[in-house]
Protein chains: 4
Amino acid sequence: MSTATLRLSCPIRTGISARVTAFTADRDCIIEEAQQFSDRRTGRFFMRLVFDPQANDIGSLREAFASIAENFEMEWDLREPGWVPKVVLMVSAFDHCLGDLLYRMRIGEINMEVPAIISNHPREKLTTSLIGDIPYHHLPITKDTKPKQEAEVRRIVKETGADLVVLARYMQIFSDEMSKHLSGMCINIHHSFLPGFKGAKPYHQAYKRGVKMIGATSHYVTDDLDEGPIIAQDVENVSHTESPDDLVAKGRDVERRVLAKAVRAHLEDRVFLNGDRTVVFE
Amino acid sequence: MSTATLRLSCPIRTGISARVTAFTADRDCIIEEAQQFSDRRTGRFFMRLVFDPQANDIGSLREAFASIAENFEMEWDLREPGWVPKVVLMVSAFDHCLGDLLYRMRIGEINMEVPAIISNHPREKLTTSLIGDIPYHHLPITKDTKPKQEAEVRRIVKETGADLVVLARYMQIFSDEMSKHLSGMCINIHHSFLPGFKGAKPYHQAYKRGVKMIGATSHYVTDDLDEGPIIAQDVENVSHTESPDDLVAKGRDVERRVLAKAVRAHLEDRVFLNGDRTVVFE
Amino acid sequence: MSTATLRLSCPIRTGISARVTAFTADRDCIIEEAQQFSDRRTGRFFMRLVFDPQANDIGSLREAFASIAENFEMEWDLREPGWVPKVVLMVSAFDHCLGDLLYRMRIGEINMEVPAIISNHPREKLTTSLIGDIPYHHLPITKDTKPKQEAEVRRIVKETGADLVVLARYMQIFSDEMSKHLSGMCINIHHSFLPGFKGAKPYHQAYKRGVKMIGATSHYVTDDLDEGPIIAQDVENVSHTESPDDLVAKGRDVERRVLAKAVRAHLEDRVFLNGDRTVVFE
Amino acid sequence: MSTATLRLSCPIRTGISARVTAFTADRDCIIEEAQQFSDRRTGRFFMRLVFDPQANDIGSLREAFASIAENFEMEWDLREPGWVPKVVLMVSAFDHCLGDLLYRMRIGEINMEVPAIISNHPREKLTTSLIGDIPYHHLPITKDTKPKQEAEVRRIVKETGADLVVLARYMQIFSDEMSKHLSGMCINIHHSFLPGFKGAKPYHQAYKRGVKMIGATSHYVTDDLDEGPIIAQDVENVSHTESPDDLVAKGRDVERRVLAKAVRAHLEDRVFLNGDRTVVFE
């Protein structure tokens, strides 16, 4: 990848995209992809620009863009070509999402590196064997040790310089402190079509309610459980013949593709927070 | 249609299907379709048999089957060839589901006749013009006139000999008494993917929550609002660019196909109540 | 609608979007939606801009933009606020797509007016009754009268000033001359998931092949039958229990929603020809 | 699993299911699942019965059933409780389907054992590391060595007593002899929505044609390439922004879930050949 990615959001005003595209045009950068969206309800403008920086140095571009950004009150980032984000993966003994993310990383479908895997279960309880030499941290958790365990997680996230933490069916509920600490940089997969079936055992809830489709939802973690901004969702048909265990099995397929979609979109700078909702540029 | 349909449910026991299929085989009936399901959780067995009765008279078959049915404690029905169910349609000014059901009836896709359309809006407020000479009852409703209006609805249902009442976006909440009165013979379309977004303005709720798919749910009406047994559901993708009004427009497509699917399945005797859930033989 | 829509495509060059957005920013127009795409393979750039023109007069904007357009070798259009496109609908006796489009028009979901409906069947053969006082042209066709009939169609298209012709299950194959005449302004719905099952009786072909899903495809009409650029597609699951007639019935639902999606996208200036493919801005 | 599975097909006659269910009822077997289908077009009847054999010995049941089977000219099988089918997996260097099947086996989602993996690529070219101590046969193939290589494959299939051979993106075309040899016991995944885009590089063909959805098809291998009876299909949306490589990446998800679905259905005795089509009991 020899392209840079500029992502920004700011209050809606006339002339934002004119100013931004003039900036790249003036420097002979070639735009490969551009998406923008104005949300009249929240009054915010969102933009993502993928471009070939040509002869330009990214440091200089950043410096030059800073004054535009300030002028428009932008929240923004400029990713340099070849950037590889660091992602810490957290998992329970249900490791289908973990194995799926690792496989996609290894074949180049998701651009990331994984400096640490954290689980409350020992490595031998897992099925996937794609972990290889990725550092595996077994951090058991009980009600009493939770504050200490979470502190240890935060330490690993900090030391590895992680850009993102993914709860790949981690199955533990973060403390409010922890949720706030990881705000905007932590993605969870919930095994239901939210807002239906929050909380524990959603497939059993779904079975009991007799729904004809089950789903999965990937969202940012907030201190309001299962209420974080949604990034991706998908569903599958089910029928009266399927037991709760059948739903669990069918759900694994939905979960892993929904989580992979959300993680990939986030890492490609396609996702923006917009109040309690998200903007996702496909 | 020259086939008869036998539908039954009863407590699980050994030999039910053997007894039923022996009954048809002994009388040289030819089975066209057969579905069965045993629900170990509720202890109930469900069966649907579509067969060519050959020389047999339906009245005699009914009489002969009654003793088997009694022996196995069956709830059952035997539809004669050519049976056309009577369906009363109820509607508000949003008539996309009504128009859709009428069209499917007219081209022969749904086997039914409609002896009455009931609305709390005058006919000229509707868009579809497929009503033709179907009796149209304009029954306005206010908080005060509700009991009287519902009594009038019940009268029409009774006088027309309706087999089913369909709330095709009727938008009024039945009293408990009314719900009980129509129990098992009244299908509603709710414009959300239940159990998410119960109650009023579900598309606006969905917009607010930022879901990435919207849906519709067809279910039997019970006195517990939006909690009745689900017959059919479906969804559509939505994105951050879509306003609540866009969701409403997209939802119309989902609603009408989900309602049509449920109504057709019910009228073809494919749907069985199983506690709070349904068995639907596709 | 008080917004204008600018659509354009041109050879890829640096600075196109900078130039276009400077044009609107300089005139205090407020951008509501913007989409762009660069196709490296064909070397073409595509852009759609929906904006509030504020105090600007559309005629003046058109005049001012013309020199930019010439400079960049653009194909372009600028739709004024409130523009209502004229669409001629052609149909056979299978009128589910026709009825669906008319309903969507009447409730305001598709912004169009219909100055003429053309069919090779008399009006009384149709089921939908939403035609109302739209001029209905019954133009029967035989092998011998085809040239004359097509000339008559062309005359109606011309006289009504139609912006688009929609073959809503018209079921007649245009002559090459006719296809060329309507090039880029005629949309067809084919009742299969192209490129599978071209030609006649696609549901019967699908049944014979034993596919597990059927579909529909909406595309621009070209002189190469069923090979025109695709605008929209969708599918439904089918099973071994379904006869060819069941597929036909299920297909009607897919056809009408795929055709409506394509027609709406075209009329909202979201569709661009790109060689044998299309760019569709969602 | 303590249930046995009886599968059978035979010419349509009156009294088949009566006879079969009398057989199980007379021996106090408890039916857990039963599906049947009569195809009037081919004149064949299909049935699958999952039952708890209670005190009955499977050998005795088989013996007793043989005369019924003969009388009705049945093709049939009776699987004993706890049966674990043997499946030989064949793969190229694209191993996403292989890894997926192995994972599903290891977590118990697909009931099978894998006595051999065969590839024309060395093991170190593969990404998945779930192979473990499953015998891995590297059998390179060239035009000249093809007959010898295929003979070696047949030897392995025979020696391992394989019940099924799965081409998990094997990417080599079998000789007619080989296809015939494995007839009815070999499942392939083709990376397109057949019958569209047969042969090589289907995603590139799909890109070129500009389809708005891509798909995958799992089918039995026959000597008519990509024309074998279809077991399962699925699709995903694509847009003009996606390159052929994007389609390849998105297609991997569809391929692995379609192949897993077909393999599982086959191994659970849910799939029957019916001329060029299949009957699949869900």
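Colleague: What area is buried between domain 1 of chain A and domain 2 of chain A?

Modeller: First, this is a predicted model, where local features need pLDDT of at least 70 and side-chain atom pairs count only at pLDDT 80 or more, while totals for chains, interfaces and linings use all residues. Residues are numbered from 1 along each chain as its sequence is written, chains are lettered from A and ligands numbered from 1 in the order in which they are written, and side-chain values use heavy atoms, leaving out hydrogens and water.

The size of an interface is often given as the accessible area lost when the parts come together. Here buried area (accessible area, 1.4 Å probe, lost on being put together and summed over both parts) is about 890 Å², with carbon and sulfur atoms giving 47%. On the side of domain 1 of chain A, Arg7(A), Phe46(A) and Arg48(A) lose the most area, together 60% of what that side buries.

Colleague: Where do the two domains lie in chain A?

Modeller: Domain bounds come from an automatic or database domain assignment. In chain A it gives domain 1 as 4-79 and domain 2 as 86-280.

Colleague: How many residues are in contact?

Modeller: Contact means heavy atoms within 4.5 Å. By that rule, 13 residues of domain 1 of chain A are in contact with 9 residues of domain 2 of chain A.

Colleague: And how many salt bridges does the rule find across the interface?

Modeller: A salt bridge needs a side-chain nitrogen of Lys or Arg within 4 Å of a carboxyl oxygen of Asp or Glu. The rule finds 3 across this interface. Asp269(A) and Arg79(A) also meet in a salt bridge, at 2.8 Å from N to O.

Conventions
Buried area = accessible area lost by both parts, 1.4 Å probe.
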